[in-house]
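Have a look at the model first, then read on.

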Amino acid sequence: MSLKAVLRGCGAFLPEQVLTNQELSKRVDTSDEWITERTGIRERHIAAEGELTSDLAARAAQAALDNAGLKADDIDLIVVATTTPDLTFPSTAAIVQAKLGAGAGAAFDVQAVCSGFIYALSTAEKFLISGQHKRALVIGAETFSRILDWEDRSTCVLFGDGAGAFVLEAVEEADEGDRGVKASYMRCDGRLVDLLYVDGGVSSTGTVGHVRMQGNKVFREAVTRISQAMVAVCDEANIPVTDIDWFVPHQANERIIQGVVKKLDLRSDQVISTIAGQGNTSAASIPLAYCAGVDDGRIKSGDLVLFEAMGGGLTWGAALMRA
């Protein structure tokens with residue numbers, strides 16, 4: 001029996017608190033015009049005191065389950081992509097499992113920073129098509145505001161908090177037409193660690209640390225590596241990039257997104273962008289953007305959707321899915 005992973009539902013959650021560019025300009029030497037022109041970001045959501053990554057993840061996961069018409073006990077695999085876990089251990093996925101009241105299926109975290117959701121989606125899909133698990137929650141969740149240096153205008157203006165989730169189900173290849181995850185592609189070049197990293201950790205400093213980034217160098221790497229990944233994943237599926245219906249990118253920077261669109265001869269109206277109102281939510285940005293496209297009626301069942309991301313590591317990747 002040959003299996004594939006089909007999307008059953010998606011869900012999103014954003015913290016209530018909103019931080020605008022104007023409010024940020026009172027804290028650091030910046031302005032709404034400076035941030036908007038360089039990034040496309042106008043505001044971002046910030047987790048409240050005591051609001052944890054697992055809280056955001058559980059809310060998004062429950063929304064995805066409701067959207068799929070399923071219960072937590074129907075899930076036997078939870079994969080959470082996050083760079084901002086509640087605890088060093090256990091995994092945020094284990095905490096989410098408990099908060100949802102799910103059964104004793106497998107649960108673990110994936111850490112690939114902004115590429116995390118691509119890595120988690122690819123990982124969950126492999127478990128499903130192997131027959132080892134039947135239904136998976138794939139979650140991207142971040143409280144990135146907790147690792148920002150709020151005096152560093154080059155990073156603190158970029159990021160926000162949030163969570164998004166997919167419910168995937170293993171079905172026979174012959175069922176449900178052409179729907180399902182078609183291909184995925186993941187890469188990392190550890191030689192470029194110093195372009196985007198956090199300057200602290202359990203074994204190095206015993207502290208959380210703050211995000212540090214060489215923005216110009218990251219930008220130059222991003223367009224080339226993301227475009228290459230998108231072409232590679234479409235080649236694997238034997239589908240031209242220009243055949244996609246929707247491009248759902250990691251919401252890092254509007255200039256990067258438009259650079260990729262231009263490089264691959266896509267149309268701007270094919271892009272699902274949430275960056276203006278959410279900023280860069282790291283591993284959460286792809287499912288958050290996808291859910292926005294579903295909620296407003298743009299993405300429909302049967303549409304061909306291409307995802308991409310690049311994050312610290314440097315990690316990058318892409319995935320192709322028929323909704």
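Over which ring does the charged end of Arg153 sit? The ring is that of Trp34, with the charged end of Arg153 4.5 Å from its centre. A charge sits over a ring if NZ of Lys or CZ of Arg is within 6 Å of the ring centre and within 35 degrees of the ring normal.

This is a predicted model, where local features need pLDDT of at least 70, side-chain atom pairs count only at pLDDT 80 or more, and totals for chains, interfaces and linings use all residues. Residues are numbered from 1 along each chain as its sequence is written, and side-chain values use heavy atoms, leaving out hydrogens and water.

**Charge over ring**
- Arg225 also places its charged end over a ring, that of Trp316, 4.5 Å from the centre.

**Aromatic pairs**
- The whole structure holds 6 aromatic pairs (rings of Phe, Tyr and Trp, using its six-membered ring, with centres within 6.5 Å; planes under 30 degrees apart are stacked, over 60 edge-to-face, the rest tilted).
- Phe166 and Tyr290 make an edge-to-face pair, because their ring centres are 5.1 Å apart and their planes stand at 65°.
- That pair links strand β7 (residues 161-172) to helix α10 (residues 285-295), 124 residues apart (DSSP runs numbered from the N terminus: helices are H or I, at least four residues; strands are E, at least two).
- Phe166 and Phe307 are tilted, since their centres lie 6.1 Å apart with planes at 55°.
- Phe307 is in strand β12 (residues 304-311), so its pair with Phe166 ties together parts 141 residues apart in sequence.

**Cluster and burial**
- Phe117, Phe166, Tyr290 and Phe307 form one aromatic cluster.
- Phe166 and Tyr290 are both buried (under 20% relative accessible area; exposed is over 50%, partly exposed in between, with a 1.4 Å probe and protein chains only).
- Phe307 is buried too, at 0% relative accessibility.
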